[in-house]
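Here is a friendly walk through a two-chain model. Please keep the viewer open as you read.

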Amino acid sequence: MLRSAIEAGADSVYCGLRDETNARNFPGLNFSAAELADSVAFAHQRAAKVLVAVNTFARAGATDAWRRAVDTAVAAGADALIAADLAVLAYARDQHPGLRLHLSVQAAANSADAIAFYAANYGVRRVVLPRVLSAQEVAALVGEAPVEVEAFVFGGLCVMAEGRCALSSYATGRSPNLSGVCSPPEAVSFDRSGGALTPRLAGLAIDRFEAGETTGYPTLCKGRFSTAQGEGYLFEEPVSLNAMGLLKALRAAGVRAVKIEGRQRGKAYVARVAAAFRGAIDALERGEETAPFEKLLTDLAEGGRETAGAYRKVWR
Amino acid sequence: MRSRRRPVSPPADWLAGPMMALRSPVEHVLGQALRRISRRQPGVFERLQAYGSAIFLIAPAQWPVAFALTPRADGDVKVVPASAPGDFTARIEGRLEDLLDLFDGSLDADAAFFNRTVQVEGDTGAVLALHNALEAAELSVADLVPVGGAWLDRASRSARAAARRLRRAAR
């Protein structure tokens, strides 16, 4: 998938090692140390960069895996480390002073003061913004932040404050923050009855999709619930983020890099999304509009629907 | 965890006999394919190590037979009746063309799941591991049937065309 992204025009690819040190710790996914080194070499031959995510929070008393992951990333020749845990950042700063550090979205740093703290104390050079800010708030933050800013523009959409969501942990005992996995697959099942599909997480019914109805990821935040106000999506509907229409504004605001989520998706997804955004960004560089690229990816979206998410939020 | 459930799509039972009669050469070819992949891309099976004893039931929609895959270098693929497949760890059902597209990575699995192009049941972790292992590999139809060069495209087109014909026959 890293190769697909680079061949489709990505400037950088973020990835992780095959363990709980990154927030996509799904079975069969991610890199061994040897695969990571090979992938970095492949990327560098094509003038692309590899950013390694060690962005879960280390467990007290069992921090060796996180130290080892940082060392492995450095040995592989990674261009930057993406981290959130203060201890991981401190270890990287102290042991690998030349290593470029990016603050993961998992740190949920959404104020200039918070970002300045990470910059001053750990030498962080870029912050990945949480997906809860409006376009105006992003623009204001870029003006105040002492480091480069990176923003998500496509893919899965967490509506929770990243790094602080306990929904998956509440239901299954495992979370993206500590275990690197939201809705761990061993806790997920799909019941079929006629044409209807009922996804369950640790036995809890999350939703029921009728025949022909598009589905979403089996996460509690995308569930349909019955409340005193009626039945419906309590937190968020199954939908994917697509902020391609905001690329121009984000660029004008000074956002340095845009991130496409989808590390657990496949080659077909990665190649199509990376190529579409490469085309849109190149169009902007030529002074053209991004409109021709904006409807190319709808069929890849969760629930078959897209949103600009908090970038165009009208709520508080 | 193994489940034993009845497939949703009604298979064309009258085709089951002839197809089961042909199962030995098909199982041989697919078993050889497993060993070839393990030689060329051992990483596929490393990623599936936790599921080396799992049985993946690959069920082309409306086919009278399904394929029971044990994903190890010394594993095998058995042709089983779709209506009585035996025990399985996870079951993946979809049109054969789509299953082939998932195999070579030209169809995005999550999108196929969202729009119900493929249906899964059983151990979700096993399905995800298989998906991720296939995505990390560079596989094509030629890895299933050893042909090369111009034959590759022809084999791929023939497999998909055969799938369409069989589906029509099963209606």
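## Conventions

This is a predicted model, in which local features need pLDDT of at least 70 and side-chain atom pairs count only at pLDDT 80 or more, while totals for chains, interfaces and linings use all residues. Residues are numbered from 1 along each chain as its sequence is written, and chains are lettered from A and ligands numbered from 1 in the order in which they are written.

## Chain B in outline

Chain B contains 8 helices and 5 strands; helices here are DSSP runs of H or I with at least four residues, strands are runs of E with at least two, and both are numbered from the N terminus. Along the sequence, these elements come in the order α-α-α-β-β-β-β-α-α-β-α-α-α.

Buried residues make up 42% of the 171 in chain B. A residue is buried if 20 or more other C-beta atoms lie within 10 Å of its own, exposed if 12 or fewer, and partly exposed in between, with C-beta atoms placed from the backbone. For contacts in chain B with a separation of 6 or more, 70% join residues 24 or more positions apart; two residues are in contact if their C-beta atoms, placed from the backbone, lie within 7 Å.

Helix α6 of chain B covers residues 124-136, 13 residues in total. From first C-alpha to last it reaches 18 Å, close to the 18 Å expected at 1.5 Å a residue (the expected span is 1.5 Å times one less than the number of residues). The helix α6(B) is mostly covered, with 13 of its 13 residues buried.

## A helix pair in chain A

In chain A, helix α3 (residues 64-76) packs against helix α4 (residues 86-95) at an angle of about 40°, and their axes are 10 Å apart. The axes are lines fitted to C-alpha atoms, for helices over the stretch in contact, and angles run from 0 to 180 degrees between N-to-C directions. The pair α3(A) and α4(A) is therefore oblique: angles under 35 degrees count as roughly parallel, over 145 as roughly antiparallel, 65 to 115 as roughly perpendicular and the rest as oblique.

The residues that make this contact are W66(A), R67(A) and V70(A) from α3(A), with V88(A), Y91(A) and A92(A) from α4(A). They divide into 5 nonpolar, no polar and 1 charged.

Helix α4 of chain A also holds L86(A). L86(A) has 15 other C-beta atoms within 10 Å and is therefore partly exposed. F57(A) is 29 residues from L86(A) in sequence, and their C-alpha atoms are 8.5 Å apart in space.

## Loop residues with positive phi

Where does A47(A) sit? A47(A) is in the loop between α2 (33-45) and β2 (49-54) of chain A. Its phi is near 60°, a positive value in a residue other than glycine. A47(A) counts as exposed because it has 8 C-beta neighbours inside 10 Å.

A108(A) belongs to the loop between β4 (101-103) and α5 (112-122) of chain A. The phi of A108(A) is near 50°, again a positive value in a residue other than glycine. With 19 other C-beta atoms within 10 Å, A108(A) is partly exposed.

## Around α7 of chain A

S169(A) lies in helix α7 of chain A and is partly exposed, with 15 C-beta neighbours inside 10 Å. Leaving aside neighbours within four places in sequence, S169(A) is in contact with R174(A) and S175(A).

N177(A) is in the loop between α7 (167-172) and β7 (188-193) of chain A. Is N177(A) buried or exposed? N177(A) counts as buried because it has 22 C-beta neighbours inside 10 Å. Not counting residues up to four places away in sequence, N177(A) touches T56(A), F57(A), Q106(A) and G163(A).

How values were computed
Ala, Val, Leu, Ile, Met, Phe, Trp, Tyr, Cys and Pro count as nonpolar, Asp, Glu, Lys and Arg as charged, and the others, Gly among them, as polar.
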